[in-house]
Amino acid sequence: MTLEELYVKIMADEGLQAEVAKATEDGNLLEWVKAQGVETTAEELAAFAKAAGNE
């Protein structure tokens with residue numbers, strides 16, 4: 001799965017949105033994303049989040 005695919009899933013599911021919020025709050029977002037099957041780095045995740053926030 002890609003970051004883009006995961007993002008679409010998150011936007012469509014309030015439960016996943018809550019999980020992302022909790023992982024972000026706990027400082028575990030990268031680990032959470034990887035547990036969802038996405039191979040990424042902290043830098044790639046940060047760049048994606050910044051770009052997604054500007055849409």
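**Labels against cut-offs**

Colleague: Why does M11 count as partly exposed?

Modeller: Its relative accessibility is 46%. Buried means under 20% relative accessible area, exposed over 50%, and partly exposed in between, with a 1.4 Å probe and protein chains only. So 46% falls in the middle class. M11 is found in helix α1. Its C-alpha lies 13 Å from that of A49, 38 residues away along the chain.

Colleague: What kind of model is this, and how is it numbered?

Modeller: It is a predicted model, where local features need pLDDT of at least 70 and side-chain atom pairs count only at pLDDT 80 or more, while totals for chains, interfaces and linings use all residues. Residues are numbered from 1 along each chain as its sequence is written, and side-chain values use heavy atoms, with hydrogens and water left out.

Colleague: What makes M1 partly exposed?

Modeller: Its relative accessible area is 40%. M1 is found in the segment before α1; helices are DSSP runs of H or I with at least four residues, numbered from the N terminus.

Colleague: Which residues does M1 contact, beyond neighbours within four places in sequence?

Modeller: L6, K9, Q36, G37 and V38. Contact means heavy atoms within 4.5 Å. D26 is another matter: 25 residues along the chain from M1, with 23 Å between the C-alpha atoms.

Colleague: Why is L45 called buried?

Modeller: Its relative accessible area is 12%. The limit is under 20%, so L45 is buried. L45 sits in helix α4. Leaving aside neighbours within four places in sequence, L45 contacts L3, L29, L30, V33 and T40. A18 is 27 residues from L45 in sequence and 18 Å away, C-alpha to C-alpha.

Colleague: What makes a nonpolar core?

Modeller: Buried Ala, Val, Leu, Ile, Met, Phe, Trp, Tyr and Cys residues, joined through side-chain atoms within 4.5 Å. The largest one here has 12 residues, including L3, W32, L45 and F48. Helices α1 (3-11), α2 (14-26), α3 (29-35) and α4 (42-53) each give it two or more residues. In soluble globular proteins, nonpolar side chains tend to be buried together.

Colleague: Why is the Y7 and F48 pair called edge-to-face?

Modeller: The planes are 75 degrees apart, and the centres 5.7 Å. Rings of Phe, Tyr and Trp (its six-membered ring) pair if their centres lie within 6.5 Å; planes under 30 degrees apart are stacked, over 60 edge-to-face, the rest tilted. Both values pass, so the name holds. Y7 lies in helix α1 and F48 in helix α4, so the pair ties together parts 41 residues apart in sequence. A search of the whole structure finds this one aromatic pair. C-alpha to C-alpha, Y7 and F48 are 9.6 Å apart.

Colleague: How do you know which residues line the largest pocket?

Modeller: Lining residues have an atom within 4 Å of a pocket point; a pocket is an open set of points on a 1 Å grid over the protein atoms alone, where a 1.4 Å probe fits, with protein on both sides within 12 Å along at least five of seven lines. Among those lining this one are Y7, L29, F48 and A49. The volume is about 190 Å³. By class, the lining has 11 nonpolar, no polar and no charged residues.

Notes: Grid points are joined across faces, edges and corners, and a volume is the space filled by probe spheres set on the points. Ala, Val, Leu, Ile, Met, Phe, Trp, Tyr, Cys and Pro count as nonpolar, Asp, Glu, Lys and Arg as charged, and the others, Gly among them, as polar.
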